[in-house]
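Here is a short briefing on one structure. Please look over the sequence and the 3D view before reading on.

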Amino acid sequence: MKKEEQKQGLWAIMSPVKFKIRMAMLLASIGAISLILSLLLLSFALTNILQNTPLVVFGFELNLVNTILLLALLTIIAFLSRFGAFAVSHLGAFHLEQILRTKLSLHLAKLPLGYIISNGSGALKKVVQDDVKTLHAFVADSTPMIAKSIVAPITTLIILLVIDYRFALATLSVFILGWITMAVAMKDSKSLRIKYEQSQSNINRAVIEFAQAMPVVRTFDDGTTSFKRYNDALIEFKNNLHHWMSVSAFSAKLGMIILSPLPTLLAVIITAIFLLNFSSLELFAFISALFLSTGMADAMMPLMWLNNHIKKSQTSALKIQEVLSVKALEIAKEPKTINSFDIEFKNVSFKYDNVENYALKDINFKVSSGSVTALVGPSGAGKSTVAKLIPRFWDVSSGAIKIGSIDIKEVSSENLMDTVSFVFQDTFLFQDTIYNNIKMANTNATDEEIINASKAAQIHDFILSLPDGYETLAGDRGANLSGGQKQRITIARAILRNTPIIVLDEATAFADPENEEEIVKALANLTVNKTVIMIAHRLSTIKDSEQIVVFDEGKISEIGKHEDLLNTKGVYSKLWSNYEKASSWNLEKIEDKKGENNE
Ligand SMILES: Nc1ncnc2c1ncn2[C@@H]1O[C@H](COP(=O)(O)OP(=O)(O)OP(=O)(O)O)[C@@H](O)[C@H]1O
């Protein structure tokens with residue numbers, strides 16, 4: 001993205017509060033100007049005290065009391081404007097934060113669920129939380145500071161030019177020298193900052209990986225491989241930070257020294273000595289130069305900090321705009337209502353964003369209401385993608401998916417949710433009681449219905465065995481539930497929801513026979529009298545399905561029943577013979593073990 005576009009991004013995103021930002025900048029400018037005017041008045045007063053002449057400002061003669069009153073007035077204006085700028089900019093910041101968070105939340109709710117899952121809720125949370133917070137800090141603190149950093153040097157320069165251009169030039173030359181030195185310090189700051197930020201996120205990634213991989217680390221690795229990655233990330237971070245500091249530290253320090261009051265004062269005094277000796281010098285010009293000149297360089301000092309803050313805010317603005325620009329799911333203007341439950345994939349092709357190849361090409365099949373269809377195929381063939389298109393995790397790139405002859409894009413999301421349940425392998429439980437975790441599927445459900453659903457999902461007895469029964473907390477910090485138990489809780493949810501269509505990703509992970517038997521029973525109760533589409537991993541469970549759709553490289557290679565597909569000697573018969581081999585291999589191993597034990 002070009003620099004110009006980035007700037008537009010930052011200012012464009014702040015446009016809902018631009019009036020408040022302008023007000024804050026105006027007040028900060030008034031504050032800066034009042035302060036400069038009070039210093040100018042002091043210069044007038046001091047000159048006249050030293051020269052013992054009456055104080056005349058713009059034709060008005062001021063006595064001591066009036067001078068003090070005017071000084072007090074200017075100081076009060078400066079204080080109130082600064083305070084006002086601070087209050088207005090913070091108000092704007094809170095307002096912008098609220099607007100952006102609401103806008104993002106509403107937009108996220110309309111985005112395809114697939115986008116949320118692919119991007120990870122962590123990354124999206126970072127945009128909603130951290131990037132919005134960065135913009136809050138920018139509006140609250142930086143906008144008045146930017147105004148002050150521009151207005152104060154310009155006003156000072158104009159006043160000095162009017163009073164005595166020679167002092168103006170002396171002050172300006174120190175200012176320019178300091179500015180050039182600072183610019184050198186910041187020359188590569190963008191690329192260096194990007195490197196620094198990258199190495200910082202590498203550390204975060206390495207820490208998360210190290211923590212998540214702990215079970216694998218403890219089993220297979222003595223820590224050297226996984227810890228080495230973390231260690232490498234730390235070394236890279238240290239090197240990048242060191243490089244950044246060493247490249248910019250000298251110029252930055254030099255810049256700070258040049259922009260501190262002393263060099264400017266020195267330049268003013270040298271100019272005064274020069275003028276005394278070789279030209280003419282007015283006392284007022286000298287005193288006002290002494291008072292005003294240091295403020296000019298002083299206003300430059302926050303620019304280094306501001307520069308980094310502006311860049312960081314530009315990046316945050318871009319990230320927010322990126323999320324806001326993701327296309328929301330189309331919502332039907334006049335939604336139709338699904339009232340029969342056969343499913344049809346009609347010439348469906350689908351491509352994931354940012355991926356060149358199509359994940360699915362020309363998919364055509366029908367599922368009649370109340371039947372069971374199994375999706376099989378090698379890994380990466382497209383089974384999960386087909387399943388996820390039915391509840392509109394993503395929309396098809398071309399073609400249509402119809403339920404009861406209605407394109408799913410033409411129904412409301414509520415109607416689709418009431419029609420289709422999706423039972424994942426990766427189950428998610430909220431940090432809440434088991435009772436509420438089940439009830440969320442149907443908030444109107446009675447206690448009896450919840451218990452019946454749990455019984456049908458083969459999880460009721462287990463829940464009762466927990467110390468707090470249904471009130472036991474689930475989720476990461478709650479009860480230690482096994483994968484199979486968690487899955488049965490989500491099956492209870494789906495039973496309670498009671499949708500006519502069930503899309504099922506068959507579990508493979510929970511292979512212990514007791515759990516497996518209970519899950520099979522639970523699934524049988526869930527799917528009775530429903531239209532079922534099931535991604536099958538263990539082919540034995542789908543032998544009796546009404547229909548088996550075989551996928552290969554994003555296309556349908558065969559459709560039929562088990563026996564017919566075996567006879568065609570295609571992909572399915574190969575998968576089946578591999579499956580049988582693997583099963584017999586398991587049996588042989590068990591037999592061998594038995595033999596060894598008997599010997
Ligand atoms: N979120 C995604 N973004 C980009 N490409 C994806 C995404 N999910 C899957 N794919 C790609 O789409 C293709 C089909 O994947 P899909 O998960 O549907 O296959 P699958 O048959 O379900 O595989 P498996 O049995 O291993 O789960 C693969 O090439 C995969 O790499």
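**Helical spans**

The end C-alpha atoms of residues 254–277 lie 31 Å apart, and this span is 96% helix and 0% strand. The model is predicted.

- UniProt, in an unreviewed entry, lists residues 69–94, 169–186, 254–277 and 283–306 under "transmembrane region".
- Residues 169–186 are 100% helix and 0% strand in the model. Their end C-alpha atoms are 25 Å apart.

**Helix 2**

- Helix 2 covers residues 18–51, which is 34 residues.
- From first C-alpha to last, helix 2 reaches 49 Å. That is close to the 50 Å expected at 1.5 Å a residue.
- Asn52 follows helix 2. The phi of Asn52 is positive, near 55°.

**Helix 11**

- Helix 11 runs over residues 283–300 and has 18 residues.
- At 1.5 Å a residue, helix 11 should span 26 Å; its end C-alpha atoms are 28 Å apart, which agrees.
- Helix 11 bends by about 35° at Leu290.
- Buried residues of helix 11 include Ala285, Phe286, Ile287, Ser288 and Ala289. Further along, Leu292, Ser293, Thr294, Met296, Ala297 and Ala299 are buried too.

- Strand 10 spans residues 531–535. Five of its five residues are buried, so strand 10 is largely enclosed by the rest of the structure.
- In a regular strand, side chains alternate between the two faces of the sheet.
- In strand 10, Thr531, Ile533 and Ile535 point one way. Val532 and Met534 point the other way. All of them are buried.
- Strand 5, residues 372–376, pairs with strand 10 in the parallel sense over four bridges.
- Strand 9, residues 501–505, also pairs with strand 10 in the parallel sense, over five bridges.
- Val532 in strand 10 has Val372 opposite it. Ile502 also stands opposite Val532.

- Four strands make an open sheet in the order 4-3-6-7, with antiparallel pairing.
- Its edge strands are strand 4 (360–367) and strand 7 (406–407), each of which pairs on one side only.
- Strand 6, residues 398–403, runs antiparallel to strand 7 and is joined to it by two bridges.
- Lys402 has Asp407 of strand 7 as its bridge partner.

**Val420**

- Val420 lies in strand 8, residues 420–423.
- Is Val420 buried or exposed? Val420 is buried, because 23 other C-beta atoms lie within 10 Å and the cut-off for a buried residue is 20 or more.
- Val420 and Asn498 are 78 residues apart along the chain. Their C-alpha atoms are separated by 9.1 Å.

Note on methods
Residues are numbered from 1 along each chain as its sequence is written. This is a predicted model: local features need pLDDT of at least 70, side-chain atom pairs count only at pLDDT 80 or more; totals for chains, interfaces and linings use all residues. Two strands pair if DSSP finds at least two bridges between them. The expected span of a helix is 1.5 Å times one less than its number of residues. The bend at a residue is the angle between axes fitted to the seven residues ending there and the seven starting there. A residue is buried if 20 or more other C-beta atoms lie within 10 Å of its own, exposed if 12 or fewer, and partly exposed in between; C-beta atoms are placed from the backbone. UniProt positions are given in the numbering used here, feature names are shortened, and annotations may be inferred rather than shown by experiment.
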